Amino acid sequence: MVTGLGVVSPNGLGTERYWAATLRGDSGIGRITRFDPSGYTSSLAGEITDFDPARLPNRLLPQTDLMTRFALVAAEEALNDAGADPRAMPDFAAGVVTAASAGGFDFGQRELEALWSRGGAHVSAYQSFAWFYPVNSGQISIRHGMRGPGGALVAEQAGGLDAVAKARRHVRDGTPLMLTGGVDGSLCPWGWLCMTRSGGLTGRTDPHRAYLPFSPDASGYVPGEGGALLVLEDPRAAAERGVRRIYGRIAGYAATFDPRPGSGRKPGLGRALRLALDDAGIGPADVDVVFADAMGVPTLDAVETQVLAAEFGPRGVPVTAPKTMTGRLLAGGASLDLAAALLSLRDQVVPPTVHVDSGDVPDTLDLVVGAPRSARLRHALVLARGHGGFNSAMVVCGRD
């Protein structure tokens, strides 16, 4: 079960600030300020602009990329929210599994610039790990004394769910507490070049008309930075330590991989959805809201729309994409959707999809747009796809 949440997002630092901004429809997408994007084909991102590095010990700053600093803050919030102190627990009783897409690109770019301009003697020794995709797991485990199972998964957006599923397996195998999820970001010239070369980013410059999933006016997606970390606990262990709150439970999960392009076989998203429902022991009628992957690429949006209509029937379930307020956060995006799903179950409300006009939505899709929608929510389904063919689906339910 989930007992703690920590969020760093372009539209709000901290879980409750993020959630309040999301229900208001506040967007964190705008023109990049961290570097001049005018020479690139895309210029918009979900950028975190109000983060204060002073929240972390000075000794950590020279050895961490910005995305790791975000992760450390999210980890601290999640553990505090759960009322858990891993250092007070028995050795190996708490572990960390996170998702990443690339590692510390901004840190790596600075050190490569030092190498090329001044020579190897000027490259930081911290470069040996600050760029590495498991670095968030490592830094979190060191800071909080979490010596139990550890790891990192790389599946881009889908990885945020895959990491949570792996942490769930560790809890089922006997580890009392796991910290898991994804916090990511590569908003630097090097990372931006890699993302723009993917061909999926929008080239529009109006933040209100740039990222429009499921709309006929869709032109691609907007990247962002941030994500969410969750505390998963064994129910018995949590009860023994007097846990303060329970957000919900990870009820089902599945992952698939798309077939080779040109093979004529169906994409794997629908199969991941059905397998996740089977794992949760529920049927389509039991799902009360879907947090869509919402790529913003017309061909991929069409696939997701068809999958949802085939499984739930036309307009058979409310669908939402709050990531239209943050952009797609690489490996942090799906775990942020998972946090939003748990908050939706807590407050019995579906957050809106912004900027998309209701008249543009396909007739088969009940997309929640414009404003939050109150609803009776028991189960939420989160879908995620990662660059390269990864598909993941996860079902969460409220407190039993």
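This is a predicted model: local features need pLDDT of at least 70, side-chain atom pairs count only at pLDDT 80 or more; totals for chains, interfaces and linings use all residues.
**Salt bridges, sheets and helix packing**

The side chains of Asp293 and Arg328 form a salt bridge, 3.1 Å from N to O. Let me start there.

Where do Asp293 and Arg328 sit? Asp293 is in the loop between strand 10 (289–291) and helix 10 (298–312). Arg328 is in the loop between strand 11 (318–320) and helix 11. The two are 35 residues apart in sequence, so the pair ties those parts together.

Buried or exposed, for Asp293? Buried, at 0% relative accessibility. Arg328 is buried as well, with a relative accessible area of 2%.

Next, Lys323 and Asp337. Their side chains meet in a salt bridge at 2.6 Å, N to O. Lys323 lies in the loop between strand 11 and helix 11, and Asp337 lies in helix 11. That pair ties together parts 14 residues apart in sequence. Both Lys323 and Asp337 are buried.

Back to the opening pair. Asp293 and Arg328 belong to a network. Salt bridges with shared partners join them to Glu304 and Arg385.

How many salt bridges does the structure hold? The count is 22. One more of them deserves a look. Arg245 pairs with Asp81, with the closest N and O atoms 2.3 Å apart. Arg245 lies in the loop between helix 8 (235–240) and strand 9 (249–257). Asp81 lies in helix 2.

Arg245 is partly exposed, at 35% relative accessible area. Asp81 counts as buried, at 15%. The cut-off for buried is under 20%.

Strand 7 (residues 177–184) and strand 8 (residues 226–233) pair antiparallel, over eight bridges. Take Leu179 as a landmark: Val231 of strand 8 stands opposite.

Helix 6 (residues 159–172) packs with helix 11 (residues 333–347) at about 65°, and the axes are 6 Å apart. That angle makes helix 6 roughly perpendicular to helix 11. What makes the contact? From helix 6, Gly160, Leu161 and Val164. From helix 11, Ala334, Ser335 and Leu338. By class, this contact has four nonpolar residues, two polar and no charged. Remember that helix 11 also holds Asp337, the partner of Lys323.

Helix 3 (residues 105–118) packs with helix 7 (residues 189–196) at about 120°, with axes 8 Å apart. Helix 3 brings Phe105, Gly108, Gln109 and Leu112 to the contact. Helix 7 brings Pro189, Trp190, Gly191 and Cys194. The classes are five nonpolar, three polar and no charged.

Last stop: strand 16 (residues 390–397). Seven of its eight residues are buried, so strand 16 is largely enclosed by the rest of the structure.

What pairs with strand 16? Strand 9, antiparallel, through eight bridges. Here Ile250 has Val396 of strand 16 as its bridge partner. Strand 15 (residues 379–386) also runs antiparallel to strand 16, joined by eight bridges. In this pairing Leu381 stands opposite Val395 of strand 16.

Strands 15 and 16 form a hairpin with three residues between the strands. Which residue of the hairpin takes a positive phi? Gly388, near 105°.

To close, back to where we began: Asp293 and Arg328, bridged at 3.1 Å, within a network that includes Glu304 and Arg385.

Technical notes: Residues are numbered from 1 along each chain as its sequence is written. Side-chain values use heavy atoms; hydrogens and water are left out. Axes are lines fitted to C-alpha atoms, for helices over the stretch in contact, and angles run from 0 to 180 degrees between N-to-C directions. Helices (H or I, at least four residues) and strands (E, at least two) are DSSP runs, numbered from the N terminus. Angles under 35 degrees count as roughly parallel, over 145 as roughly antiparallel, 65 to 115 as roughly perpendicular and the rest as oblique. Contact means heavy atoms within 4.5 Å. Ala, Val, Leu, Ile, Met, Phe, Trp, Tyr, Cys and Pro count as nonpolar, Asp, Glu, Lys and Arg as charged, and the others, Gly among them, as polar. Two strands pair if DSSP finds at least two bridges between them. A salt bridge is a side-chain nitrogen of Lys or Arg within 4 Å of a carboxyl oxygen of Asp or Glu. Buried means under 20% relative accessible area, exposed over 50%, partly exposed in between (1.4 Å probe, protein chains only).
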